[in-house]
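Hello,

Here is the structure I promised to pass on to you.

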Amino acid sequence: MTPRRRHRPSDHFEPYEEERGIPAPFYLAGFGLLLWGVSVFIMDKAPVPQWLGPDAGAPARPPATVAPPLALRQPMPDLARDPAAMAIIMRGTGAAWACASCHGMAGEGTAVVPRLAGLSAGYITKQLADFASGARPQDSMSLVARALTDDERTRLGLAYAAMATPPVAHPLPEGDVKRGEQLATAGDDGRGLVACFTCHGDRGLGVEPDFPALAGQPAAYLDQQLILWSAGLRHNSPETMMNDIARSLSPGDRRAVAAYLAGLPPPDPRIPAN
């Protein structure tokens with residue numbers, strides 16, 4: 001009978017070595033992948049909002065700004081959710097890129113781009129016509145406006161006028177808000193300045209078609225427009241009124257009134273103007 005050969009242990013064998021488990025980072029990585037998979041699944045199943053239209057997933061040119069959800073007046077006018085108008089806002093048309101690319105998905109604007117949500121339809125339509133004709137020179141907006149038909153400009157105005165979007169504007173930190181309030185509500189007789197609200201309506205909510213809502217507009221944008229008025233680079237107000245007013249404002253007063261107006265509640269189409 002052949003004796004059984006004994007197995008010789010490895011030179012590296014440690015009889016009391018503990019069994020090693022899977023390192024913790026591998027557990028964390030696996031858990032993260034699991035969460036990612038679940039989130040993708042949920043997003044794929046989420047319904048597309050009706051007002052975006054059937055091609056809502058198409059990319060805009062340039063990429064659209066991330067913004068709060070769009071809210072519309074109830075009941076919504078037919079043109080406020082007109083698929084053609086919403087398609088231009090979200091995806092653009094022809095040579096015109098998406099309005100949302102610069103003005104935000106809910107028309108909320110940015111630090112230097114105006115808020116369109118809640119502006120009167122007549123004012124928006126008039127400005128688009130002025131951009132197209134050159135009465136209000138601005139290279140980007142002129143290109144966009146010229147690519148739109150008269151009907152499309154009208155529908156865009158109606159769509160934006162019906163949007164009720166939370167405010168995002170903030171006052172300029174260097175603006176004297178108290179002085180700005182005086183200029184907006186009472187003017188300055190000593191300098192021949194009428195109150196902003198005389199033309200732009202109570203609480204700065206606008207009077208269409210020539211006097212837009214100023215409440216809730218980005219302070220930097222308002223300051224920039226006053227500079228353009230003062231320099232004569234913008235001249236599409238009735239009887240050059242805004243050019244004369246802007247030239248009478250000192251740089252400090254200009255920043256002050258912009259800071260005050262930016263901090264006011266913007267127009268909300270769900271709330272009656274009076």
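**Salt bridges**

Aspartate 253 and arginine 179 join their side chains in a salt bridge, with 2.9 Å from N to O. Aspartate 253 belongs to helix 11 (residues 251-262) and arginine 179 to helix 7 (residues 177-185), so this pair ties together parts that lie 74 residues apart in sequence. Both aspartate 253 and arginine 179 are buried. Please keep in mind that this is a predicted model.

In total, the structure holds eleven salt bridges. Another of them links the side chains of aspartate 130 and lysine 126, at 2.7 Å from N to O. Here both partners sit in helix 4 (residues 121-133), four residues apart, which is about one turn of the helix. Are these two partners, aspartate 130 first, buried or exposed? Aspartate 130 counts as buried, because its relative accessibility is 11% and the cut-off for buried is under 20%. Lysine 126, with a relative accessible area of 24%, is partly exposed.

A further salt bridge brings together the side chains of aspartate 268 and arginine 270, at 2.9 Å from N to O. Aspartate 268 is partly exposed at 22% relative accessibility, and arginine 270 is partly exposed too, at 48%. Salt bridges with shared partners also join Arg179, Asp188, Arg191 and Asp253 into one network, and two members of that network, aspartate 253 and arginine 179, are the buried pair I began with.

**Backbone points to check**

Now for the backbone. Most residues other than glycine have a negative phi, and most peptide bonds are trans.

- The peptide bond that runs from glutamate 208 to proline 209 is cis, with omega near 5°. Proline 209 lies in the loop between helix 8 (196-200) and helix 9 (219-231).
- Glutamate 239 has a positive phi, near 55°, although this residue is not a glycine. You will find glutamate 239 in the loop between helix 9 and helix 10 (241-248). With a relative accessibility of 74%, glutamate 239 counts as exposed, because the cut-off for exposed is over 50%.
- Threonine 240 has a positive phi as well, near 50°, and is likewise a residue other than glycine. Threonine 240 is also found in the loop between helix 9 and helix 10, and at 40% relative accessibility it counts as partly exposed.

**Helix 10**

Which residues of helix 10 are buried? They are Met242, Asn243 and Ala246. Viewed down the axis of helix 10, these buried residues fall within an arc of 105°, so they line one face of the helix. The cover over the buried residues of helix 10 includes helix 8 and helix 9.

In soluble globular proteins, nonpolar side chains tend to be buried together. In this model, the largest nonpolar core has 24 residues, of which Met86, Ile89, Cys99, Leu119, Leu156, Tyr160 and Met163 touch the most other members. Helix 2 (83-91), helix 4, helix 5 (139-146) and helix 6 (150-161) each supply at least two residues of this core.

What does leucine 156 touch, leaving aside residues up to four places away in sequence? Its contacts are Ala85, Ile88, Ile89, Cys99, Leu128 and Leu148. A second, separate core has 20 residues, among them Ala184, Ala219, Leu222 and Leu249.

**Cysteines**

Finally, the sulfurs. A disulfide is a covalent bond between the sulfur atoms of two cysteines. How many disulfides does a search of the whole structure find? The search finds zero.

Take cysteine 99 as one example: the closest cysteine sulfur, in cysteine 102, is 8.9 Å from its own sulfur.

Cysteine 196 is partly exposed, with a relative accessible area of 21%.

Happy to hear what you make of it.

Best wishes

Definitions and conventions. Residues numbered from 1 in each chain as written. Predicted model: local features only at pLDDT ≥ 70, side-chain atom pairs only at ≥ 80, totals over all residues. Heavy atoms only, no water. Salt bridge = Lys/Arg side-chain N within 4 Å of Asp/Glu carboxyl O. Buried < 20%, exposed > 50% of the residue type's maximum accessible area, 1.4 Å probe, protein only. Arc of directions from axis to C-beta. Contact = heavy atoms within 4.5 Å. Core = buried A, V, L, I, M, F, W, Y, C linked by side-chain atoms within 4.5 Å. Disulfide = S-S within 2.5 Å.
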